[in-house]
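Here is a friendly briefing to read with the model open beside you. Please keep the sequence to hand as you go through the topics.

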Amino acid sequence: MSVEDVLRPIAVLGGSVVITLVLVWLADRALRRMDAAHPETPLWGLLRRCRIPLQVVLCAALLRGAYDETGLKTVEEHEAGIGQTLSLVLIAATAWLTMRAAAAIVESSYSRYAASARDAARVRRVRTQVTLIQRVVTAVVTVVAAASMLLTFPEMRTVGTSMLASAGLVGIVAGIAAQSTLGNLFAGLQIAFGDMVRIGDTVVVDGEWGTVEEITLTFLTVRTWDERRITMPVSYFTGKPFENWSRGGAQMTGTVFFHLDHSAPVEKMRQRLLEVLQECPDWDGRAWSLVVTDTTPSTIMVRALVTARDADAIWAVRCEVRERMLEWLRTEHAYALPRISTAPAELDRPGARPARD
């Protein structure tokens, strides 16, 4: 074995690795300088996450073009297999790099918009849209990469004609079998661009109150107030009614009901309610009221109306009003709390039996 036979594979393999490292280092250095020169956009810093897939792409591409120059006997014997393997790695790494770059662009665009926008509802809508767009791009790139990898096998090229011939029948069968999945897919796109529900919205579904935590192309996750996760198909939100408390503005109005005795001091309760609200940091000061809404032979129903900036704040205001008003009634006007009237048994009425000893 000559010196050339030893140095050639080292030069090909080592040269590919060195060139890859140098090019990636230069690209990373350029991105770092651009990130420092343009701090208003996080794109250049986010693109630095593509270093590893870029290294794999460059190294696989260099080796794919020069591996047959190594002169190794093993390479000559398995030239087709090594070439196909490097092609598969190159396709997979390219897909990986594409998804990383797309994620960086989407995240950068959303961050810049969120930093400049003042409408929280619009920010949530854009977040929902870019999230679903990113998932669609990931799915498309994955399918294209998988198809490209399959086409590198000669057997797949041979059956390509027969697959195209039967594509019509297969499409019909697949459409029927995947009707529910396709329905959820289109429902997810409708939610993203129809502005029906967004990530971060407060919703009530099937009597459960929670916040939309995740939206995909097929399902939606709602985080309830007690940290449970409710997962349901997105088609639910396009086919059934639900409450969206964040739609049309986050401000909300809440009510607190009291069942009290007929002697309850309603006017004093109004004054006390205003005092409680003025000391409550979650009350936004827009509106308040206290009125008697119903009456029964034994009690009256008093309704306190309060407002707050969002769903979480209105819950806190209602709880504080309920607690402090009941405490005030118990200590200052205990007679206003509901009572059960009782009377002694009438033993002297005609026909009544005397009690036995």
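A search of the whole structure, which is a predicted model, finds 17 salt bridges, each one a side-chain nitrogen of Lys or Arg within 4 Å of a carboxyl oxygen of Asp or Glu. Residues are numbered from 1 along each chain as its sequence is written, and side-chain values use heavy atoms, leaving out hydrogens and water. Local features need pLDDT of at least 70 and side-chain atom pairs count only at pLDDT 80 or more, while totals for chains, interfaces and linings use all residues.

- Side chains of opposite charge can pair when their charged atoms come close.
- Arg 51 and Asp 28 meet through their side chains in a salt bridge, at 3.4 Å from N to O. This pair links distant parts of the chain, 23 residues apart, with Arg 51 in helix H3 (residues 51–66) and Asp 28 in helix H1; helices are DSSP runs (H or I) of at least four residues and strands (E) of at least two, numbered from the N terminus.
- Asp 28 is buried, with a relative accessible area of 9%, whereas Arg 51 is partly exposed at 37%. Here buried means under 20% relative accessible area, exposed over 50%, and partly exposed in between (1.4 Å probe, protein chains only).
- Asp 28 and Arg 51 also belong to a network of salt bridges that includes Arg 32 and Arg 48.
- In helix H12 (residues 266–278), Arg 272 and Glu 275 are separated by about one helical turn because they are 3 residues apart. They form a salt bridge whose closest N and O atoms are 3.1 Å apart, and Glu 275 is partly exposed at 38% relative accessibility.

**Around Glu 227**

- Glu 227 sits in the loop between E3 and strand E4 (229–233) and counts as exposed, at 52% relative accessibility.
- Its salt-bridge partner is Arg 229, with the closest N and O atoms 3.5 Å apart; Arg 229 is partly exposed at 43%.
- Most residues other than glycine have a negative phi. Glu 227 has a positive phi, near 70°.

**Pockets**

- A pocket is an open set of points on a 1 Å grid over the protein atoms alone, where a 1.4 Å probe fits, with protein on both sides within 12 Å along at least five of seven lines; lining residues have an atom within 4 Å of a point.
- The largest pocket has a volume of about 220 Å³, a volume being the space filled by probe spheres set on the points, which are joined across faces, edges and corners.
- Its lining has 16 residues, with Gly 200, Thr 202, Thr 211, Ala 311 and Asp 312 nearest the centre. Strand E2 (208–215), strand E3 (219–224) and helix H13 (311–332) each give two or more residues to this lining, and E2 gives the most, with 3.
- The second largest pocket, of about 160 Å³, is lined by Trp 209, Trp 225, Trp 245, Ala 311, Ile 314, Trp 315 and Arg 318. Helix H13 gives the most to this lining, with 4 residues.

**Elsewhere in the helices**

- Val 22 has its place in helix H1 (residues 3–37) and is partly exposed, at 42%.
- Glu 107 lies in helix H5 (residues 79–116) and is partly exposed, at 33%. Glu 107 and Leu 46 are 61 residues apart in sequence and 8.2 Å apart in space, C-alpha to C-alpha.
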